[in-house]
Amino acid sequence: RVRIPLPVSNILWEHCIRLANRTLVEGYANVKKCSNEGRALMQLDFQQFLMKLEKLTDIRPIPDKEFVETYIKAYYLTENDMESWIKEHREYSTKQLTNLVNVCLGSHINKKSRQKLLAAIDDIDRPKR
């Protein structure tokens, strides 16, 4: 057995947690359909994940916790709120934003609103000239 110094251990944990949280958002972005109940279950699953992490490590705050929570909660936004949210949250990939809009289609965003939101995502993604 090799002892790992605490600072090194904390760095390793931080990177593992950050990668796990980024992977969760990527997984959520691959969902094709999701109901309100499904998003609520995502939140519950993430809360369970956080509780287990808090028992495993002393790292506080949990890296990228807000990154995951913000993405899950964005599903509940209204059309107008989602448009401003998309413009403010450039930390998410175009794919993640596009999927969020597509999954919301039919639940509380109509096709016309969907096109408007997708255009806003394209505007962000387009390089500035």
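Domain bounds come from an automatic or database domain assignment. For this chain, the assignment gives domain 1 (1-75) and domain 2 (77-128). The model is predicted: local features need pLDDT of at least 70, side-chain atom pairs count only at pLDDT 80 or more, and totals for chains, interfaces and linings use all residues. Residues are numbered from 1 along each chain as its sequence is written, and side-chain values use heavy atoms, with hydrogens and water left out.

**Overall build**

- The chain has six helices and zero strands. Helices (H or I, at least four residues) and strands (E, at least two) are DSSP runs, numbered from the N terminus.
- Along the sequence, the pattern reads α-α-α-α-α-α.
- The C-alpha trace spans about 60 × 40 × 20 Å along its principal axes.
- Buried residues make up 33% of the 129 residues in the chain. Buried means under 20% relative accessible area, exposed means over 50%, and partly exposed lies in between (1.4 Å probe, protein chains only).
- Take the contacts (heavy atoms within 4.5 Å) between residues at least 6 apart in sequence: 67% of them join residues at least 24 apart.

**Where the domains meet**

- The centres of domain 1 and domain 2, taken over C-alpha atoms, are 23 Å apart.
- In domain 1, 18 residues are in contact with 14 residues of domain 2.
- The two domains bury about 1,300 Å² between them, with 54% of it on carbon and sulfur atoms. Y71, A74 and Y75 supply 43% of the area that domain 1 buries against domain 2, more than any other three residues. Buried area is the accessible area (1.4 Å probe) that two parts lose on being put together, summed over both.
- One salt bridge is found across this interface.

**Aromatic rings**

- Rings of Phe, Tyr and Trp (its six-membered ring) pair if their centres lie within 6.5 Å; planes under 30 degrees apart count as stacked, over 60 as edge-to-face and the rest as tilted. This rule gives five aromatic pairs.
- F67 and Y92 are stacked, because their ring centres are 4.5 Å apart and their planes sit at 15°. F67 is in helix α3 (residues 65-74), and Y92 is in the loop between α4 (79-88) and α5 (94-104), 25 residues apart.
- F67 is buried, at 8% relative accessible area. Y92 is buried too, at 4%.
- Ring pairs link F67, Y71, W85 and Y92 into a cluster.
- R22 lies over the face of F67, 3.9 Å from the ring centre. A charge sits over a ring if NZ of Lys or CZ of Arg is within 6 Å of the ring centre and within 35 degrees of the ring normal.

**Salt bridges**

- Side chains of opposite charge can pair when their charged atoms come close.
- The structure holds six salt bridges, each a side-chain nitrogen of Lys or Arg within 4 Å of a carboxyl oxygen of Asp or Glu.
- R18 pairs with D64, with the closest N and O atoms 3.2 Å apart. R18 is in helix α1 (residues 6-29), and D64 is in the loop between α2 (36-56) and α3, 46 residues apart.
- R22 also forms a salt bridge with D64, at 2.9 Å between the closest N and O atoms. R22 lies in helix α1, so this pair ties together parts that are 42 residues apart in sequence.
- D64 is buried at 13% relative accessibility, whereas R18 is partly exposed at 30%.
- E26 forms a salt bridge with K95, the closest N and O atoms being 2.5 Å apart. E26 is partly exposed at 28%, and K95 is partly exposed at 41%.
- Salt bridges that share partners join E14, R18, R22 and D64 into one network.
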